[in-house]
Amino acid sequence: MIVTGIDVGGKNVHAVITKNGTMLAKGEAPSGINKGEAAEKLYDEVLKQAGLKRQDVTRVVATGSSGSRVAFADGVIPDAAADARGVIQFIPSARTIIDVGGEEGRAMKISPEGKVLDFAINERCAAGTGTFVDTMARALEVPVEEMAKLSIKSTRSIPMNAQCAVFGESEVVSLIHQKTPKHDIARAVHDAIAGRIGSVARIVGLEDDIVMVGGVAKNTGFVESLKQALSAEVKVPKDPEYIGALGAAAAAVAGVLEEKVEAKVVEKKTIEEGKA
Amino acid sequence: MVEAKKVEYWRWPETSWVNPGIDWRKGKFITGGVDVGSVSSQAVVMVDGQLYAYSNTRTGSDSPESAWKCMNMALEGSDLKVDNIDYCIGTGYGRVNVPMAQQTITEIACHARGANFMYGPEVRTVMDMGGQDCKAIRCDDRGKVLKFMMNDKCAAGTGRGMEVFADLIRVPVWEIGSRSFQIDKEPPMISSTCVVFAKTEVVGLLQEGKPENEIIAAYCAAMAHRITELLNRLGVEEKFAITGGIAKNIGVVKRLEKEIGFNTVEAVWYDPKMREKGLPFDTQIAGGIGAALFANAMLERGRVKSARKA
């Protein structure tokens with residue numbers, strides 16, 4: 001059976017075409033303003049890559065924060081469910097999944113069957129997301145791909161005071177002014193997000209094996225920081241940014257066209273009461 | 001070849017003022033208050049508890065330098081020297097790095113005290129909207145802090161957030177307020193709280209071709225809403241005053257008044273005749289005024305000795 005999984009996130013769209021569990025084609029594109037259109041375009045691209053036509057595909061399942069915008073999908077599943085289905089195919093021992101994407105960070109506990117048992121999410125705040133790394137890389141004037149290499153070179157951990165990405169930018173600039181080496185700043189940035197994501201993960205509880213997915217999982221510097229923040233081993237599957245799309249494809253194979261997952265939304269506490 | 005100059009839309013004008021109606025030599029106590037904030041710094045000089053001079057400047061990367069810069073600017077139009085000051089108090093985020101200060105007091109206490117002076121003793125709620133934080137303060141008729149709520153963790157609802165927005169939309173930050181009312185219909189507010197995500201949302205609206213002023217209105221409304229959350233947690237009691245940089249942005253202030261159902265109180269500290277002449281009034285100097293007033297009260301009560309050098 002040939003199926004398509006398409007993951008429409010806040011920042012990027014990922015699409016995969018699989019045939020009997022083997023990946024035929026994969027593609028990535030920025031989701032932009034018109035997310036439905038971006039998905040459509042990317043779908044045509046991966047079809048071309050696989051040498052297929054739309055009618056060759058049995059089923060299309062979409063996922064991601066804008067999964068519902070995919071007009072050509074037969075079904076839509078929540079991203080947590082897609083992550084769980086995606087991870088369990090490659091790492092059956094996975095019990096905790098941490099997904100850090102462009103605009104969201106989430107953690108879920110899953111059953112050996114790949115069912116989501118508990119799910120917490122950090123949204124509406126760029127702290128603890130890929131956007132935070134992008135912003136700080138810009139302030140550091142290094143390409144975001146360089147952040148991992150830099151951070152791994154660091155032997156010193158400097159705590160960042162700022163949780164907010166906007167304040168973090170000013171903090172990075174003042175660290176540069178203080179002549180702090182770039183690799184130590186890169187690590188401080190990764191440590192800051194890891195700390196934030198770690199607290200989201202602790203809400204669902206940490207159980208081995210812990211698996212990290214999402215675009216930020218490709219940043220080995222961040223994965224190191226996460227391991228330290230959790231004091232635990234963290235596994236990363238191949239193509240971690242495609243896990244959501246692969247999970248959607250797995251759902252398509254199983255004929256699952258909808259699924260429900262309840263999330264605990266973690267609101268960052270920003271208002272504090274002071275003592276006079 | 002014409003070189004394009006990079007316009008910094010966030011850059012607000014620095015100001016200073018010296019009171020022509022006061023002869024400092026006749027004063028008993030000359031006190032200073034220096035408020036070094038994360039984004040802006042103010043120096044205030046008072047003669048026997050009356051406002052003599054002030055300045056409002058941008059904070060640099062070095063706190064002591066920023067403190068000197070704003071103090072020197074405040075005294076630019078006067079023959080009063082820093083050495084003539086009897087007692088000076090530092091406040092704000094960088095208060096421990098104010099070289100000319102003999103003591104420090106928290107900015108919460110100073111803002112309440114300063115608002116009491118600027119807006120009158122009937123003020124019970126002060127909203128200080130700073131560069132990197134905002135604080136809602138309840139105080140008594142002497143400007144003593146009773147209770148406060150603050151947000152210093154998130155840029156939403158702070159002056160820095162507004163600067164980031166001004167830069168993005170390429171409209172000078174001081175024009176944002178008036179531009180936000182040049183609209184046909186109030187648009188829905190920007191839905192992202194996070195400044196970083198709001199930026200993405202704004203870029204999307206611009207690409208959709210939404211009128212610039214409508215986007216400005218949508219951002220001002222979001223900011224007003226964010227601050228309302230803080231005020232509601234504290235509980236607002238009249239009279240209500242806003243201090244800090246955002247107090248100058250009527251786009252946020254008017255929408256905030258509408259949301260909480262209270263009007264902000266007008267400043268009272270200067271006499272109306274001076275006001276008619278258009279003499280400057282800066283909402284950002286409340287912390288500095290409070291600090292200088294504390295210094296004056298300490299000297300009057302003999303709690304501290306004059307540190308005057310000349």
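Axes are lines fitted to C-alpha atoms, for helices over the stretch in contact, and angles run from 0 to 180 degrees between N-to-C directions. The model is predicted: local features need pLDDT of at least 70, side-chain atom pairs count only at pLDDT 80 or more, and totals for chains, interfaces and linings use all residues. Residues are numbered from 1 along each chain as its sequence is written, while chains are lettered from A and ligands numbered from 1 in the order in which they are written.

**View 1. Helices H3 and H5 of chain B pack together.** Helices (H or I, at least four residues) and strands (E, at least two) are DSSP runs, numbered from the N terminus. H3(B) spans residues 159-169 and H5(B) residues 195-207. Their axes lie 11 Å apart, at an angle of about 25°. The two helices are therefore roughly parallel (angles under 35 degrees; over 145 is roughly antiparallel, 65 to 115 roughly perpendicular, the rest oblique). H3(B) passes H5(B) in a right-handed crossing (the near helix is turned clockwise from the far one by less than a right angle; anticlockwise is left-handed). B:Gly161, B:Val164, B:Leu168 and B:Ile169 make the contact from H3(B); B:Val195, B:Lys199 and B:Val202 make it from H5(B). Contact here requires C-beta atoms, placed from the backbone, within 7 Å. These residues divide into 5 nonpolar, 1 polar and 1 charged. Ala, Val, Leu, Ile, Met, Phe, Trp, Tyr, Cys and Pro count as nonpolar, Asp, Glu, Lys and Arg as charged, and the others, Gly among them, as polar.

**View 2. Strand S4 of chain B pairs with S1(B) and with S3(B).** Pairing requires at least two DSSP bridges between two strands. S1(B), residues 15-18, runs antiparallel to S4(B), with 4 bridges. B:Ser16 has B:Ser55 as its bridge partner in S4(B). S3(B), residues 40-47, is also antiparallel to S4(B), joined by 8 bridges. Here B:Gln42 stands opposite B:Asn56. S4(B) itself covers residues 50-58; 7 of its 9 residues are buried, so the strand is largely enclosed by the rest of the structure. Buried means 20 or more other C-beta atoms within 10 Å of a residue's own, exposed 12 or fewer, and partly exposed in between, with C-beta atoms placed from the backbone.

**View 3. B:Asp48 sits in the loop between S3 and S4 of chain B.** This hairpin has 2 residues between its strands. B:Asp48 is not a glycine, yet its phi is positive, about 50°. B:Asp48 is partly exposed, with 16 other C-beta atoms within 10 Å.

**View 4. Chain A meets chain B.** The contact involves 21 residues of chain A and 26 of chain B. On the chain A side, H3 (130-140), H5 (165-177) and S12 (272-274) each supply at least two residues. H5(A) gives the most, with 5 residues. The chain A side divides into 9 nonpolar, 7 polar and 5 charged residues. S12(A) runs antiparallel to S9(B), residues 145-151, through 3 bridges. A:Glu273 has B:Met149 as its bridge partner in S9(B).

**View 5. A:Glu141 lies in the loop between H3 and H4 (146-153) of chain A.** Its phi is positive, about 60°, although A:Glu141 is not a glycine. A:Glu141 is exposed, with 8 other C-beta atoms within 10 Å.

**View 6. Cis peptide bonds join A:Asp208 to A:Asp209 and B:Glu238 to B:Lys239.** In chain A, omega is about -5°. A:Asp209 lies in the loop between H6 (182-204) and S9 (210-213) of chain A. In chain B, omega is near 0°. B:Lys239 lies in the loop between H6 (212-234) and S10 (240-244) of chain B.

Definitions and conventions. Contact = placed C-beta atoms within 7 Å.
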